[in-house]
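Dear colleague,

I am handing over the structure below, and the notes after it set out what was found. Please read them with the coordinates open.

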Amino acid sequence: MTAAVDNPFFARLWLVTSGHEPESVRRLRVENLAGLRGRVLEVGAGTGTNFVHYPGAVSEVVALEPERKLAEVAREAAATAPVPVSVSTATIEEFEAGEPFDAVVCSLVLCSVDDPDGVLRQLFSMLKPGGELRYLEHVAGTGWRATLQRVADATIWPRLLGNCHTHRNTETAIADAGFTVAGSRREQSVPAWVPVPVSELAIGRAVRG
């Protein structure tokens, strides 16, 4: 039996944030899901923001969202999704995949898991050979933003924002887990001069050989 996560402050904050995402982030979500097909595992589904954007070639989405209030909203989004979506409150660490997936989708979640290296190795094992990891993630910056991220990560940011750690070298961790990165780039979710630690996103596609 899985134990749902109860983080009321973060849940309320994410409900507001996900309902007012900038158009730039919405476009990146659409791009991140484009061309997917078959069975897909989505890790950290939040309120189900991605669900409406899955292409018709996807036969099934298994979505994991352990925060119980967000999972409730995600189930409502699943009911109107263009493809079949089931929502589980299992964490990725406790989830048992059974049949391997054609693709895994991670959107703004690898920053919040306790052991990103272990989770990425687990995701690698859950994919079919040739299966894809599609990611849209906060990543470590450079210069003054890197300093800001380190300060944020060492103080109140993770406690308030669902264990989010902003200064993680996620793309390096993806390659170290055995994936071949087939394409990746950086995008700004807000103007680069805005002094917040999560303005830069990496969007990419990695393949299990």
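Phe9, Leu13, Ile156 and Leu160 make a nonpolar surface patch of about 320 Å²; such patches are made of residues with over 30% relative accessible area and no salt bridge, nonpolar side chains (Val, Leu, Ile, Met, Phe, Trp, Tyr) being joined within 5 Å, where a salt bridge is a side-chain nitrogen of Lys or Arg within 4 Å of a carboxyl oxygen of Asp or Glu, and areas come from the Shrake-Rupley method with a 1.4 Å probe. This is a predicted model, in which local features need pLDDT of at least 70 and side-chain atom pairs count only at pLDDT 80 or more, whereas totals for chains, interfaces and linings use all residues. Residues are numbered from 1 along each chain as its sequence is written, and side-chain values use heavy atoms, with hydrogens and water left out.

Leucine 160 is placed in helix α6 (residues 157-160), helices being DSSP runs (H or I, at least four residues) numbered from the N terminus. With a relative accessible area of 32%, leucine 160 is partly exposed, that is, between buried (under 20%) and exposed (over 50%).

Alanine 146, in helix α5 (residues 143-154), counts as buried because its relative accessibility is 4%. Between alanine 146 and histidine 167, which are 21 residues apart in sequence, the C-alpha to C-alpha distance is 6.7 Å.

Best regards

Key:
Patch = residues over 30% accessible without salt bridge, like charges linked within 9 Å, V, L, I, M, F, W, Y side chains within 5 Å. Helix = DSSP H or I, 4+ residues; strand = E, 2+ residues; numbered from the N terminus. Buried < 20%, exposed > 50% of the residue type's maximum accessible area, 1.4 Å probe, protein only.
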